[in-house]
Amino acid sequence: MNTLFDPDLDDGLLQALIFDVDGTLADTERDLHRVAFNRAFRQAGLDWTWDVATYGRLLNVAGGKERILHYINTCVPHQAPADPEALTRELHALKTDIYLDLLRSGEIALRPGVARLLREARNGGFRLAIATTTTYANVVTLLQATLGDGAHKWFEVIGAGDAVPNKKPAPDIYRYVLQKLGLPPSACFAFEDSGNGLRASVGAGLRTIVTPTVYTAREDFSGAFSILSDLGEPDSDCNHFGGYRPQHGMIDTAQLDAWHEQTAAALA
Ligand code: XBP
Ligand code: MG
């Protein structure tokens, strides 16, 4: 897929911020996605349990359906049904319903600095987008549960789930989002938490700020623009692990504009 962009939209300034979801906006994997998978297995009468460590290994496979199918084929091949794809679809539909209920009923928080940066970017006229592997309904519900009704409309493009055939680490979902925005990667920053996500965004040519989670902390982040503990808050500096260091202990639009000015020419 070629990224076709509209030259009229690219005036050399920073235009858009593109966010991954799971791990980046909120730490959803261990206590929400994992729990939802396990409940779906139980509801389907299966005795499969993904403990915290097992799930950490399975996270290398991006996408819930892909993860279930991988597990069937490699971890419980003796229990594989005649049609593993059909069972995968059934389990994943159950899992999505359970995950949405968990989001609606639980107290999920965005990671430090996320709500602040989104609000600031929105007020400052930046365009916002999502590039994720997870299911579209999961994104909308997470945004509404954390930022309020209608918050998904803050994002001009939500590239999610099966919008592209190849999930991260393939760059396809980022290319899809850039194409919808009509922007070249040099007009944007991406935000990721994982090695797979970083390979996808860098593969699409995007400068990427990585905020790892406990699950992804030991992954390979070479090629990241900046690696930070989180996006920071005015009263709580982020820790700097590599790449560009934010001047005031947090990522705000002034910092992103300054970094853009320093580095955009080299990308063009
Ligand atoms: C993270 C993932 C997702 C979720 C499960 O995606 O790998 O697959 O674990 O979501 P990202 P689904 O960090 O790109 O948001 O079950 O809906 O696929
Ligand atoms: Mg992620």
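**Close-ups of a predicted model**

**View 1. Helix α5 meets helix α9.** L117, E120 and A121 of α5 are in contact with T253, A254 and L256 of α9 (contact means heavy atoms within 4.5 Å; helices, H or I of at least four residues, and strands, E of at least two, are DSSP runs numbered from the N terminus). That contact splits into 4 nonpolar residues, 1 polar and 1 charged (Ala, Val, Leu, Ile, Met, Phe, Trp, Tyr, Cys and Pro count as nonpolar, Asp, Glu, Lys and Arg as charged, the others, Gly among them, as polar). This is a predicted model: local features need pLDDT of at least 70 and side-chain atom pairs pLDDT 80 or more, while totals for chains, interfaces and linings use all residues. Residues are numbered from 1 along each chain as its sequence is written, chains are lettered from A and ligands numbered from 1 in the order written, and side-chain values use heavy atoms, without hydrogens and water.

View 2. Helices α5 (residues 114-123) and α9 (residues 253-267) pack at about 70 degrees with axes 10 Å apart (axes are lines fitted to C-alpha atoms over the stretch in contact, and angles run from 0 to 180 degrees between N-to-C directions). α5 and α9 are therefore roughly perpendicular, a label for angles of 65 to 115 degrees.

**View 3. The inward side of α5.** V114, A115, R116, L117, L118 and A121 are its buried residues (buried means under 20% relative accessible area, with a 1.4 Å probe and protein chains only). They pack against β1, β2, α6, β4 and α9. After α5 comes G125, with a positive phi near 85 degrees.

**View 4. The largest nonpolar core.** It holds 43 residues, and L17, F19, F191, I209 and L256 have the most contacts inside it (a nonpolar core is a set of buried Ala, Val, Leu, Ile, Met, Phe, Trp, Tyr and Cys residues joined through side-chain atoms within 4.5 Å). α5 gives the most to this core, 5 residues. Beyond its neighbours within four places in sequence, F19 touches residues including L25, L117, L128, F155 and F191.

View 5. D20 and D22 are both buried.

Key
Buried means under 20% relative accessible area, exposed over 50%, partly exposed in between (1.4 Å probe, protein chains only). Angles under 35 degrees count as roughly parallel, over 145 as roughly antiparallel, 65 to 115 as roughly perpendicular and the rest as oblique.
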